[in-house]
Amino acid sequence: MSLDGVLGPLRATAFTAFGAETSWMEVVGFVTGALCVWLVARQNVWNWPIGIVNNLAFFALFITAGLYADAWLQVVYVALAVYGWWSWLRGGDERTHLTVSRVTVAQWRVVLVVGVAATAALTFLLSTATDSTVPFPDGFTTVLSLLATWGQARKKLESWWLWITADLVYIPLYAYKGLWLTSILYVGFLALCVLGLRSWRADLRARTAA
(Lines give C-alpha, C1' and ligand atoms only; values in the text may rest on other atoms or scores of the structure.)
Protein backbone atom coordinates (compact mmCIF):
# COMPACT_ATOMS: atom_id res chain seq x y z
CA MET A 1 0.00 0.00 0.00
CA SER A 2 1.31 3.48 -0.88
CA LEU A 3 1.93 6.25 1.65
CA ASP A 4 -1.04 8.18 0.29
CA GLY A 5 -3.16 5.08 0.76
CA VAL A 6 -2.14 4.87 4.42
CA LEU A 7 -2.47 8.58 5.14
CA GLY A 8 -5.60 9.16 3.08
CA PRO A 9 -8.11 8.23 5.81
CA LEU A 10 -6.09 10.17 8.41
CA ARG A 11 -6.17 13.28 6.23
CA ALA A 12 -9.95 13.17 6.12
CA THR A 13 -11.79 15.88 8.06
CA ALA A 14 -12.91 14.83 11.53
CA PHE A 15 -14.69 18.12 12.29
CA THR A 16 -14.49 21.85 11.63
CA ALA A 17 -13.35 24.30 14.34
CA PHE A 18 -13.11 28.08 14.04
CA GLY A 19 -13.77 27.78 10.32
CA ALA A 20 -10.78 25.44 9.82
CA GLU A 21 -11.03 21.73 9.03
CA THR A 22 -9.46 19.42 11.61
CA SER A 23 -8.11 16.11 10.26
CA TRP A 24 -8.01 12.74 11.97
CA MET A 25 -4.20 13.08 11.98
CA GLU A 26 -4.56 16.10 14.21
CA VAL A 27 -6.99 14.24 16.47
CA VAL A 28 -4.53 11.34 16.84
CA GLY A 29 -1.76 13.83 17.59
CA PHE A 30 -3.96 15.54 20.17
CA VAL A 31 -4.82 12.36 22.09
CA THR A 32 -1.38 10.73 22.04
CA GLY A 33 0.38 14.03 22.75
CA ALA A 34 -1.70 14.81 25.81
CA LEU A 35 -1.26 11.27 27.14
CA CYS A 36 2.49 11.36 26.50
CA VAL A 37 3.12 14.60 28.43
CA TRP A 38 0.91 13.40 31.31
CA LEU A 39 3.00 10.20 31.54
CA VAL A 40 6.26 12.19 31.43
CA ALA A 41 5.07 14.32 34.34
CA ARG A 42 4.42 11.10 36.27
CA GLN A 43 7.85 9.69 35.25
CA ASN A 44 6.11 6.76 33.56
CA VAL A 45 8.37 5.07 30.99
CA TRP A 46 5.41 4.33 28.71
CA ASN A 47 5.53 7.95 27.60
CA TRP A 48 8.23 6.97 25.10
CA PRO A 49 6.35 4.41 22.93
CA ILE A 50 3.21 6.54 23.01
CA GLY A 51 5.35 9.52 22.08
CA ILE A 52 6.60 7.65 19.00
CA VAL A 53 3.00 7.23 17.79
CA ASN A 54 2.50 10.95 18.42
CA ASN A 55 5.64 11.78 16.40
CA LEU A 56 4.44 9.80 13.39
CA ALA A 57 1.05 11.51 13.46
CA PHE A 58 2.56 14.98 13.72
CA PHE A 59 5.09 14.26 10.95
CA ALA A 60 2.26 13.65 8.51
CA LEU A 61 0.30 16.63 9.84
CA PHE A 62 3.15 19.17 9.70
CA ILE A 63 4.30 18.14 6.23
CA THR A 64 0.85 18.96 4.87
CA ALA A 65 0.80 22.28 6.81
CA GLY A 66 4.17 23.48 5.45
CA LEU A 67 5.89 23.33 8.85
CA TYR A 68 8.89 21.51 7.45
CA ALA A 69 11.29 21.87 10.37
CA ASP A 70 8.64 20.70 12.81
CA ALA A 71 7.83 17.78 10.51
CA TRP A 72 11.40 16.46 10.25
CA LEU A 73 11.84 17.19 13.94
CA GLN A 74 9.42 14.31 14.54
CA VAL A 75 11.86 11.90 12.88
CA VAL A 76 14.60 13.02 15.26
CA TYR A 77 12.11 12.69 18.12
CA VAL A 78 11.65 9.01 17.29
CA ALA A 79 15.41 8.42 17.60
CA LEU A 80 15.53 10.40 20.85
CA ALA A 81 12.51 8.45 22.14
CA VAL A 82 14.37 5.18 21.67
CA TYR A 83 17.34 6.65 23.54
CA GLY A 84 15.10 8.13 26.25
CA TRP A 85 13.29 4.81 26.69
CA TRP A 86 16.62 3.06 27.30
CA SER A 87 17.97 5.93 29.43
CA TRP A 88 15.02 5.96 31.82
CA LEU A 89 15.28 2.21 32.32
CA ARG A 90 19.08 1.72 32.35
CA GLY A 91 20.70 5.17 32.35
CA GLY A 92 21.14 5.55 36.10
CA ASP A 93 24.03 4.48 38.31
CA GLU A 94 24.95 0.83 37.72
CA ARG A 95 22.34 0.53 34.94
CA THR A 96 19.46 1.34 37.28
CA HIS A 97 16.45 3.55 36.61
CA LEU A 98 17.38 7.18 35.97
CA THR A 99 16.47 9.79 38.60
CA VAL A 100 15.75 13.52 38.29
CA SER A 101 18.80 15.80 38.36
CA ARG A 102 19.79 19.40 37.54
CA VAL A 103 21.55 20.83 34.49
CA THR A 104 25.11 21.90 35.35
CA VAL A 105 26.58 25.31 34.50
CA ALA A 106 28.82 23.72 31.87
CA GLN A 107 25.84 22.00 30.28
CA TRP A 108 23.88 25.29 30.20
CA ARG A 109 26.75 26.89 28.29
CA VAL A 110 26.68 24.13 25.70
CA VAL A 111 22.87 24.39 25.44
CA LEU A 112 23.10 28.16 24.86
CA VAL A 113 25.81 27.94 22.18
CA VAL A 114 24.15 25.03 20.36
CA GLY A 115 20.73 26.68 20.62
CA VAL A 116 21.78 30.01 19.11
CA ALA A 117 23.91 28.47 16.35
CA ALA A 118 21.37 25.82 15.37
CA THR A 119 18.48 28.31 15.35
CA ALA A 120 20.39 30.69 13.08
CA ALA A 121 21.38 27.88 10.71
CA LEU A 122 17.91 26.34 10.55
CA THR A 123 16.20 29.71 10.06
CA PHE A 124 18.53 30.44 7.15
CA LEU A 125 17.88 27.00 5.64
CA LEU A 126 14.11 27.35 5.90
CA SER A 127 14.25 30.86 4.42
CA THR A 128 16.33 29.87 1.41
CA ALA A 129 15.49 26.24 0.69
CA THR A 130 11.74 26.02 1.42
CA ASP A 131 8.55 28.01 0.97
CA SER A 132 8.11 28.34 4.73
CA THR A 133 6.22 31.48 5.79
CA VAL A 134 7.45 31.19 9.40
CA PRO A 135 11.19 30.32 9.18
CA PHE A 136 12.34 31.82 12.48
CA PRO A 137 9.58 30.56 14.81
CA ASP A 138 9.64 27.16 13.07
CA GLY A 139 13.43 26.94 13.45
CA PHE A 140 13.51 28.32 16.99
CA THR A 141 10.87 25.93 18.33
CA THR A 142 12.50 23.01 16.53
CA VAL A 143 15.86 23.60 18.21
CA LEU A 144 14.29 24.35 21.57
CA SER A 145 12.23 21.16 21.40
CA LEU A 146 15.27 19.05 20.58
CA LEU A 147 17.19 20.48 23.52
CA ALA A 148 14.18 19.92 25.77
CA THR A 149 13.84 16.32 24.59
CA TRP A 150 17.52 15.68 25.36
CA GLY A 151 16.92 17.06 28.85
CA GLN A 152 13.80 14.94 29.22
CA ALA A 153 15.69 11.81 28.14
CA ARG A 154 18.27 12.52 30.87
CA LYS A 155 15.55 13.54 33.39
CA LYS A 156 16.92 17.05 33.76
CA LEU A 157 14.56 19.27 35.76
CA GLU A 158 15.23 22.30 33.58
CA SER A 159 13.92 20.50 30.48
CA TRP A 160 10.45 21.59 31.61
CA TRP A 161 11.45 25.26 31.34
CA LEU A 162 12.59 24.66 27.77
CA TRP A 163 9.27 22.97 26.96
CA ILE A 164 7.32 25.82 28.55
CA THR A 165 9.21 28.37 26.43
CA ALA A 166 8.61 26.33 23.26
CA ASP A 167 4.90 25.93 24.03
CA LEU A 168 4.47 29.69 24.45
CA VAL A 169 5.65 30.06 20.84
CA TYR A 170 3.90 26.98 19.47
CA ILE A 171 0.43 28.06 20.63
CA PRO A 172 0.17 31.19 18.44
CA LEU A 173 2.23 29.57 15.64
CA TYR A 174 -0.19 26.69 15.16
CA ALA A 175 -3.18 29.00 15.43
CA TYR A 176 -1.66 31.16 12.68
CA LYS A 177 -1.32 28.03 10.52
CA GLY A 178 -4.97 27.10 11.12
CA LEU A 179 -4.10 24.06 13.27
CA TRP A 180 -6.56 25.03 15.98
CA LEU A 181 -6.84 21.66 17.70
CA THR A 182 -3.05 21.41 17.89
CA SER A 183 -2.88 24.97 19.24
CA ILE A 184 -5.39 24.05 21.95
CA LEU A 185 -3.39 20.87 22.63
CA TYR A 186 -0.31 22.98 23.31
CA VAL A 187 -2.26 25.05 25.81
CA GLY A 188 -2.85 21.74 27.58
CA PHE A 189 0.84 20.87 27.13
CA LEU A 190 1.73 24.15 28.82
CA ALA A 191 -0.42 23.31 31.84
CA LEU A 192 0.99 19.77 31.99
CA CYS A 193 4.54 21.14 31.77
CA VAL A 194 3.91 23.31 34.82
CA LEU A 195 2.57 20.26 36.68
CA GLY A 196 5.53 18.19 35.49
CA LEU A 197 7.97 20.84 36.67
CA ARG A 198 6.38 20.87 40.12
CA SER A 199 6.29 17.07 40.30
CA TRP A 200 9.92 16.58 39.27
CA ARG A 201 11.05 19.39 41.57
CA ALA A 202 9.23 17.77 44.52
CA ASP A 203 10.81 14.42 43.69
CA LEU A 204 14.30 15.96 43.54
CA ARG A 205 13.79 17.79 46.83
CA ALA A 206 12.55 14.64 48.54
CA ARG A 207 15.55 12.59 47.42
CA THR A 208 17.96 15.41 48.33
CA ALA A 209 16.43 15.68 51.82
CA ALA A 210 16.70 11.90 52.24
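## Basis

The model is predicted: local features need pLDDT of at least 70, side-chain atom pairs count only at pLDDT 80 or more, and totals for chains, interfaces and linings use all residues. Residues are numbered from 1 along each chain as its sequence is written, and side-chain values use heavy atoms, with hydrogens and water left out.

## The largest cavity

Rolling a probe the size of a water molecule over the atoms shows where empty space is left. Here, a cavity is a set of points on a 1 Å grid over the protein atoms alone where a 1.4 Å probe fits but cannot get out. A volume is the space filled by probe spheres set on the points, with grid points joined across faces, edges and corners. The structure holds 2 cavities of 30 Å³ or more. The largest has about 390 Å³ of space.

Its lining comprises 27 residues, each with an atom within 4 Å of a point. Nearest the centre lie Cys36, Val37, Tyr77, Gln152 and Trp163. Helices are DSSP runs (H or I, at least four residues), numbered from the N terminus. At least two lining residues come from each of H2 (24-41), H3, H4, H6 (135-153), H7 (159-176) and H8 (180-209). H3 gives the most, with 7 residues.

H3 covers residues 47-65, 19 residues in total. The expected span is 1.5 Å times one less than the number of residues. H3 should therefore span 27 Å, and its end C-alpha atoms are 26 Å apart, which agrees. Just after H3, Gly66 takes a positive phi of about 80 degrees.

Ile63, Trp72 and Val75 make a nonpolar surface patch of about 280 Å². Patch residues have over 30% relative accessible area and no salt bridge; nonpolar side chains (Val, Leu, Ile, Met, Phe, Trp, Tyr) are joined within 5 Å, like charges within 9 Å. Areas come from the Shrake-Rupley method with a 1.4 Å probe, and for residues only the protein chains shown count as cover. Trp72 lies in H4 (residues 68-90). Trp72 is exposed, at 52% relative accessible area (buried is under 20%, exposed over 50%, partly exposed in between; 1.4 Å probe, protein chains only).

## Positive phi in two loops

Most residues other than glycine have a negative phi. Gln43, not a glycine, has a positive phi of about 55 degrees. Gln43 sits in the loop between H2 and H3 and is partly exposed, at 23% relative accessibility.

Lys155 also has a positive phi, near 55 degrees. Lys155 belongs to the loop between H6 and H7. Lys155 is buried, with a relative accessible area of 5%.

## Salt bridges

Side chains of opposite charge can pair when their charged atoms come close. A salt bridge is a side-chain nitrogen of Lys or Arg within 4 Å of a carboxyl oxygen of Asp or Glu. The structure holds 2. In one, Glu158 pairs with Arg102, with the closest N and O atoms 2.4 Å apart. Glu158 is in the H6-H7 loop and Arg102 in the loop between H4 and H5 (105-129), so the pair ties together parts 56 residues apart in sequence. Glu158 is buried at 7% relative accessible area, while Arg102 is partly exposed at 48%.

Asp203 forms a salt bridge with Arg207, the closest N and O atoms being 3.4 Å apart. Both lie in H8, 4 residues apart, about one turn of the helix. Asp203 is partly exposed at 25%, and Arg207 is partly exposed at 34%.

Definitions and conventions
On a 1 Å grid over the protein atoms alone, a cavity is a set of points where a 1.4 Å probe fits but cannot get out, and a pocket is an open set with protein on both sides within 12 Å along at least five of seven lines; lining residues have an atom within 4 Å of a point.
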